[in-house]
Amino acid sequence: MNALLRNAYKWPKCTPPVSAAAFSTAPSPWRKAANSSSKSRERERNIINLHHEINDSLDQLKDSLDHGESSSRGGRPSKNKSTFSQKRSYQMFEVLVNARVNKVMREMGDYRDRQEDWRAFGVNNQVQLDSSIGLFKKALDTCFAKATEKGMISRSDNPLFWNLRNSFVKGDNRGLSSELVHSFQTFLMKERFPDAINELHREIADLRFPYEWYPATRMLQRTVHLHVGPTNSGKTYNALKALEGAKTGIYAGPLRLLAHEIWSRFAAKGKPCALVTGEEVRIPEGVDRWFHSCTVEMSPLNKPVDVAVVDEIQMIASEDRGWAWTQAVLGLQAKELHLCGEDRVVELIQDLCARIGDRCIVHRYQRLNPLETMSKSLRGDFRNLEKGDAVVAFSRVALHKLKAGIEQATGKRCAIVYGSLPPETRAQQAALFNDPNNEYDYLVASDAIGMGLNLEIKRVIFESSSKFDGNKVRSLTVPEIKQIGGRAGRYRTASAEIASAQEGAAGGEEAVEAKVESNTGWVTAFDFRDLQDIQNAFQKEAKPIETAGLFPPANIIERFHTYFPPRTPTSFVLTRLRELARLSPRFHLCDFDTALEIADAIQPYNLSVADRCVFLNCPVSFRVSRDRESNGQREALQAFAKCVAEMGSGHLLDFDCIDLSILDMDEETRMTMFNNPAYLQSLERLHQIITMYLWLSYRYEGVFQSQSMAFKVKEIVEDRITEFLDKLTYVTYSQARRRQAMREAAERHKKAEEQLLGEEEQEHLQEHHEEEPEEPIIEIVEELDPEEIIGEAIEEAGTGEREPGPDAEKNQGSG
C-alpha cells in the first residue's frame with residue numbers, strides 16, 4: 001500500500017511496514033487485562049469490595065426502614081430514608097476520591113521530576129508541594145463535609161464536590177482522575193492572583209449575555225419559525241419548502257448524512273449548493289451564489305441569507321454539542337430562521353427570542369399516521385420479521401452481525417444504514433430497502449435513523465434498550481426511544497422527494513398528498529425484557545428543555561489567556577474559566593472534559609493561543625481499551641500539533657503515527673484476520689486518525705498538504721472495515737448473553753447515578769446526553785469476556801428474557 005501511494009504521489013519511503021504476522025499473533029485485549037495484577041488494581045478492588053459490603057449492610061437497613069414506613073405511612077417513601085441513603089453514598093464516594101487522589105499525586109510526580117511544570121503553578125520546592133497537597137486534601141474533606149452534613153451539592157454552593165461528582169458519573173475513574181488534576185492546579189493558582197486580577201477574570205468569564213457575541217446578527221430583525229411536533233409530522237418538510245423558495249439559504253443538521261441528503265436534494269432540483277462538514281467541503285463551480293448544507297458546527301455565521309433551517313433543535317440541550325445549536329440560533333444572519341424539533345423546546349426558544357428581540361412564530365404539527373407499541377416482541381427469532389421491518393442496534397459490529405443472522409434465518413436480503421457509512425453507500429442501501437420490487441425486505445440501522453433520515457419503515461424493532469455512548473453502557477432515554485421508534489410508518493423518502501421535484505412543483509404537492517396514509521407505525525423489541533422498557537418510555541412524557549448549551553468562544557478564551565503567565569497550561573486557563581463562569585438561568589456550560597484533555601496533550605508544543613483554540617475542537621477521542629492501551633489518537637494529535645508549531649512537513653507519509661502497513665496485506669492474508677479483533681481495532685484507529693488529518697487540512701491548508709491522498713486512504717480503510725464486518729456471523733447464544741450483559745451494565749450504572757445524583761438530577765443528566773453523532777464500531781461489552789461481565793454464564797440463550805406464553809420456547813431465536 002505504501003509503495004502504491006508513493007508511486008502515485010511521488011513521495012519518499014516512510015517507515016518499514018509491519019508484517020501481517022504481528023496482527024495475527026497479537027493478544028486479545030481482554031487476555032492482557034486478565035493477566036494484569038498491579039497494586040493499583042488491587043487497591044481499587046479493595047475499595048469496590050468495601051463498597052459492596054457497605055451497600056449490603058445499607059440494603060438491610062433500608063429494608064427495615066421500608067418495612068417500618070409501609071406500616072406507618074401506607075407505603076409512601078420517606079424523605080429521611082432518601083437523605084440517609086444519599087449521605088451514605090457521598091461517604092462512599094469520599095472513600096473512592098481519597099484513594100484516587102493519592103494515586104493521582106504519585107502520577108503527577110515529585111518536584112525534582114517536573115520542576116518547570118510545578119514552577120508554572122508557583123511551587124518552588126518539594127516542601128511547598130507537600131504542603132499544598134495536604135491543604136488540598138483538607139479542602140476535599142471540607143467539600144465532602146458540606147455535602148454529607150449540610151446537603152450543599154450544587155455548583156454554586158459546593159463547586160469542588162459538584163465537579164468531582166459529575167466527572168465520576170460521566171467518565172468513571174478516568175474522568176475523576178482528570179478532574180482531580182485540574183482541581184489541584186486550580187487550588188495551587190487560586191491564591192496567586194491579587195483581587196484586581198480576580199475581578200478582571202470574573203468580568204471576562206461573565207457569560208450571561210451570549211447574544212452580544214453576534215453584533216451583526218443583533219442588527220437584524222429576524223423572524224423565527226419554530227416547527228415542532230412528533231416524528232413523521234411534516235415539520236422538517238415544511239421548513240425545507242421555505243428554504244427552497246428562497247434565493248439564498250443554509251441548512252444545518254446534526255449528521256453529515258443529513259447534510260449530504262439535503263445537498264443531494266438541492267442538486268437534483270438544479271439549485272447550486274455547497275456541502276460543508278468537518279471532513280469534507282464541496283463548493284459549486286461556475287456560480288456566484290449558492291445554498292449551504294452543513295453540519296451545525298460548520299454553520300456560516302458571517303453569511304447573510306434569506307432563510308436558514310436548523311434541524312433537531314432539541315439537541316440545544318446536549319451536554320457535548322449543545323453549544324453548536326445555541327451558536328446557530330443566536331448567530332445565523334437569516335431574515336427567516338426555521339427551527340425544527342420536539343415540542344419540549346418551545347418555551348426555551350420563545351424566551352431566547354424575547355431576550356434578543358426576534359419575532360417567534362410556533363407551528364405545531366400532528367403525526368400523519370398512528371404510532372403504537374406492540375404487545376409482543378420478536379421472541380428472539382428472526383423468522384418473526386416482516387417485510388418493511390427495521391432492526392435498530394448501536395454499534396457497527398452489532399449491525400453487521402444482525403444482518404448476517406437475518407439473511408441466514410430468512411433467506412431474504414437485508415439493507416444496512418449507519419452514521420459513518422459513506423453517503424453514497426447509504427443512499428444506495430436506503431434505495432434498495434425503499435424499493436418494494438426487490439428482495440431487500442429488511443433493514444438494520446443505527447440510531448442515525450432517529451435524526452430525520454427518510455426511510456419507508458413499517459415497524460421499528462429495538463435490538464436492545466441500552467447502548468454504549470462512548471463512556472458507559474446506559475439505558476436509552478425517553479426522547480431517544482420516541483425519536484427512533486417514531487420512524488415507523490414514515491411515508492415519504494428523500495428519493496421520492498427528489499423524484500417528485502424533477503416532475504415539477506405541482507406534481508410534488510400532489511405526490512405528498514397521495515402519500516399520506518393511515519397505516520399504523522409499530523414499535524417492538526427483539527426480546528420481551530427490552531420491550532417492557534420501550535413500552536414504559538412511550539407512556540412517559542419527556543421534561544421540557546430548560547437550558548441551552550454554551551461553550552466559551554475562541555475570542556473569549558484568547559482574551560482570558562492573556563491575563564496569565566506565559567507558561568500557564570491552557571487546561572488550567574479553561575478550568576479557571578469554567579470555575580468563574582457566570583451564566584443566566586437559561587444556559588448551562590457544555591462539557592469541558594475533551595477540551596481539557598486536548599489542551600493537556602498539546603501543551604508541550606509552542607503553539608499560539610489561537611492555534612490551541614483551533615485544536616480544542618478537533619474530532620479526537622482519548623478512550624482507552626480495558627487493558628489501558630491507547631487508541632493512538634493522542635499520539636497522532638501530538639504529532640499534528642508539533643507539525644503546526646514547527647511549520648514542518650505535513651505530508652501524510654511523514655507521520656510515523658499513521659501506520660499504513662495494515663493496508664499492505666494481500667487478500668489471502670486478510671482472510672486469516674477476520675477472527676482477530678485487534679485487526680478491526682487497528683483499522684478503526686487508522687480511520688479516526690485520517691479523519692483528524694482531513695479535519696486539520698481544512699484549517700491549515702499550507703501545512704497538511706496530502707488531502708487528496710488522505711481521502712484515498714480513508715476510502716480504502718472504509719472498504720477494509722466493511723470487508724471485515726461483512727464476514728461476521730450471528731450466534732444466537734452469544735448475542736443473547738451480550739444483550740443480558742448490556743442490560744445489567746446499564747442497570748448498574750443507573751443505580752450508581754441515582755445514588756450519587758438523586759433521581760431528579762439523574763434524569764436531568766440523561767436529558768442532556770441524548771444522541772451521539774456516530775455509532776462506535778464495537779460496544780464496550782463486545783470487547784470483554786462475557787464471563788467477566790455477567791459473573792456467571794447464562795444457562796440458556798434468552799433465559800429470563802423470553803416472553804411468557806406456550807410458544808415461548810419454540811420461538812426462541814435460531815438465527
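**Exercise 1. A charged pair**

Task: Lysine 467 and aspartate 447: are they buried or exposed? Then find out what links their side chains.

Solution: Keep in mind throughout that this is a predicted model.
- Step 1. Both lysine 467 and aspartate 447 are buried, and the cut-off for that word is under 20% relative accessible area.
- Step 2. Now look at the charged atoms. Lysine 467 makes a salt bridge with aspartate 447, and their closest N and O atoms are 2.8 Å apart.
- Step 3. Lysine 467 belongs to strand E14 (residues 466–468) and aspartate 447 to the loop between E12 and E13, so the pair ties together parts that are 20 residues apart in sequence.

**Exercise 2. A salt bridge within a helix**

Task: How many residues apart are arginine 355 and aspartate 351 in helix H14, and which network do they belong to?

Solution: 
- Step 1. Here is the general idea: side chains of opposite charge can pair when their charged atoms come close.
- Step 2. Arginine 355 and aspartate 351 form a salt bridge, with 3.4 Å between the closest N and O atoms.
- Step 3. The two residues are 4 apart in helix H14 (residues 346–356), which means that about one helical turn separates them.
- Step 4. Check the accessibility. Arginine 355 has 39% relative accessibility and so counts as partly exposed; aspartate 351, at 22%, is also partly exposed.
- Step 5. Widen the view: a network of salt bridges links Glu347, Asp351, Arg355 and Arg586. The whole structure has 31 salt bridges.

**Exercise 3. The parallel sheet**

Task: In what order do the strands of the open sheet with 6 strands follow one another, and which strands stand at its edges?

Solution: 
- Step 1. Trace the sheet across: the order is E9-E16-E13-E10-E12-E11, and the pairing is parallel.
- Step 2. Look at the two ends. Strand E9 (371–373) and strand E11 (413–417) each have a single partner strand, so one side of each is left without a neighbour in the sheet.
- Step 3. Follow the twist, which averages 25 degrees from one strand to the next.
- Step 4. Zoom in on one pair: strand E10 (residues 389–392) and strand E12 (residues 440–445) run parallel and are joined by 3 bridges. Alanine 390 has leucine 443 in E12 as its bridge partner.
- Step 5. Helix H15 (residues 396–410) lies across E10, E11 and E12, at about 165 degrees to E11. Helix H17 (residues 478–485) also packs on the sheet, where it touches E9, E10, strand E13 (459–462) and strand E16 (521–525).

**Exercise 4. The mixed sheet**

Task: What is the strand order in the open sheet with 8 strands, and which helices, among them H11, pack on the sheet?

Solution: 
- Step 1. The order reads E4-E3-E5-E2-E6-E7-E1-E8, with mixed pairing.
- Step 2. Strand E4 (281–282) and strand E8 (359–364) are the edge strands, each pairing on one side only.
- Step 3. Within the sheet, strand E2 (residues 249–253) and strand E5 (residues 291–295) run parallel, joined by 4 bridges. Glycine 253 stands opposite threonine 295 in E5.
- Step 4. Helix H11 (residues 235–244) packs on this sheet and touches strand E1 (223–228), E2, E5, E6 and strand E7 (334–341). H14 packs there too, touching E1, E7 and E8 at an angle of about 160 degrees to E8.

**Exercise 5. Into the core**

Task: Which residues have the most contacts inside the largest nonpolar core, and which helix gives the most to this core?

Solution: 
- Step 1. The largest nonpolar core has 174 residues, and Ile313, Phe615 and Phe640 have the most contacts inside it.
- Step 2. Helix H27 (residues 677–699) gives the most to this core, with 11 residues.
- Step 3. Pick out isoleucine 313: residues it touches include Leu226, Trp325, Val329 and Ile349.
- Step 4. Finally, find the second, separate core of 26 residues, which includes Phe394, Phe433, Tyr440 and Ile484.

Notes: Residues numbered from 1 in each chain as written. Predicted model: local features only at pLDDT ≥ 70, side-chain atom pairs only at ≥ 80, totals over all residues. Heavy atoms only, no water. Pairing = 2+ DSSP bridges. Axes fitted to C-alpha atoms, helices over the stretch in contact; angles between N-to-C directions. Contact = heavy atoms within 4.5 Å. Core = buried A, V, L, I, M, F, W, Y, C linked by side-chain atoms within 4.5 Å. Buried < 20%, exposed > 50% of the residue type's maximum accessible area, 1.4 Å probe, protein only. Salt bridge = Lys/Arg side-chain N within 4 Å of Asp/Glu carboxyl O. Lists of a residue's contacts leave out its neighbours within four places in sequence.
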